[in-house]
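User: I have a model open and want to go through how it is put together. Can you take my questions as they come?

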Amino acid sequence: MFFGPSNTSGKIEVSFLILTGISVLFLVLVTFFIILFLIKYNKKRHPRAQEVRESLLLEIVWTVIPTALVLALFYFGWKDFDYIRNPPKNAMPVTVIGRQWSWLFEYENGRESDVLRVPVGKPIRLILTSKDVIHSFFVPAFQIKEDCVPGMETHLWFTVNETGSYDIFCTEYCGVGHSHMRSKVVAVPPAEFAAWYVAKAAAQKPEERGLKLLLAKGCLGCHSIDGTQREGPTLKGLYNRRVTVRENGKEKKIVADEAYLRTSILKPAFDVVKGYQPIMPATPLTPEELQTVVDYLKGLK
Ligand SMILES: [Cu+2]
């Protein structure tokens, strides 16, 4: 039975409906008897208190019924939990990396993406982890959620049944950029996915390589390339801009030339732009990667 675009959404919804149904039934029953007894046994009708003896039948009924209900709830809960915990053997693994403040998805062949692109109808097994603090991966439409913990791996799986784009949120407060940790599950037909999956990185233009690096290294979690202000200064038009920086508590004006860009990437704590916190982590890059990034930034007018 499906109530949503993925196999998991239907599963959990059934458990929730059963639990809600039982709760509503008992709410109505208890409220009904409270009102009934208020009327039936009020002081005007029964001025003198009466002793009530225990009833074995009543004791058995109100022990057996709740026990059966709780066991039934356990059965449905366990069945769904077990289903969600055990991906099928043919599931496609994708590594999900949470970091301050963006998501990175790594595929088996080394392909990387900032959106979780998946083929429709294929079970996907997620291996979740974090580079820094605890994040939590949440896809409301699929009703799945799991923590991303540094130093360990957690798991989730799902199969999307309809093409479309579904929101991903981080649901563990992870710092000032927490609310920017959004992405999408993009479910496409299998043939379209296969074409994207094998597309060669070598065919990319230098600007595309630069952008891809910024994405893969997590720079775009805090720096925009379109002028939007985020946790860090925008990268748009940064090259050769006059900026005020702070060094040892003193302010000074400098020009963001190539040397400044290189130093800021490798040693982020050096000459932090005024108005921003020194929160950027050092980003290890090979000399070629650094050159690609700097060339890309110079072109971002
Ligand atoms: Cu987060």
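This is a predicted model: local features need pLDDT of at least 70, side-chain atom pairs count only at pLDDT 80 or more; totals for chains, interfaces and linings use all residues.

User: Which domains is the chain divided into?

Analyst: There is domain 1 (7-85), domain 2 (92-199) and domain 3 (203-299).

User: What separates the centres of domain 2 and domain 3?

Analyst: Taken over C-alpha atoms, the centres of domain 2 and domain 3 are 26 Å apart. In the contact between them, 10 residues of domain 2 meet eight residues of domain 3. On the domain 2 side, the residues that touch domain 3 are three nonpolar, four polar and three charged.

User: Now the nonpolar cores. How many residues has the largest one?

Analyst: The largest nonpolar core has 26 residues, and Val-96, Leu-126 and Val-185 have the most contacts inside it. Several strands each supply at least two residues of this core, including β1 (92-99), β5 (124-130) and β10 (182-188). Another core, of 10 residues, lies apart from it, with Cys-219, Leu-235, Tyr-296 and Leu-297 among them.

User: What does Val-185 touch?

Analyst: Leaving out residues up to four places away in sequence, Val-185 touches Leu-116, Val-118, Val-139, Val-160, Tyr-166 and Ile-168.

User: Why does Arg-246 count as partly exposed?

Analyst: Because Arg-246 has 15 C-beta neighbours inside 10 Å, while buried needs 20 or more and exposed 12 or fewer.

Key
Residues are numbered from 1 along each chain as its sequence is written. A nonpolar core is a set of buried Ala, Val, Leu, Ile, Met, Phe, Trp, Tyr and Cys residues joined through C-beta atoms within 7 Å. Helices (H or I, at least four residues) and strands (E, at least two) are DSSP runs, numbered from the N terminus. Two residues are in contact if their C-beta atoms, placed from the backbone, lie within 7 Å. Domain bounds come from an automatic or database domain assignment. Ala, Val, Leu, Ile, Met, Phe, Trp, Tyr, Cys and Pro count as nonpolar, Asp, Glu, Lys and Arg as charged, and the others, Gly among them, as polar.
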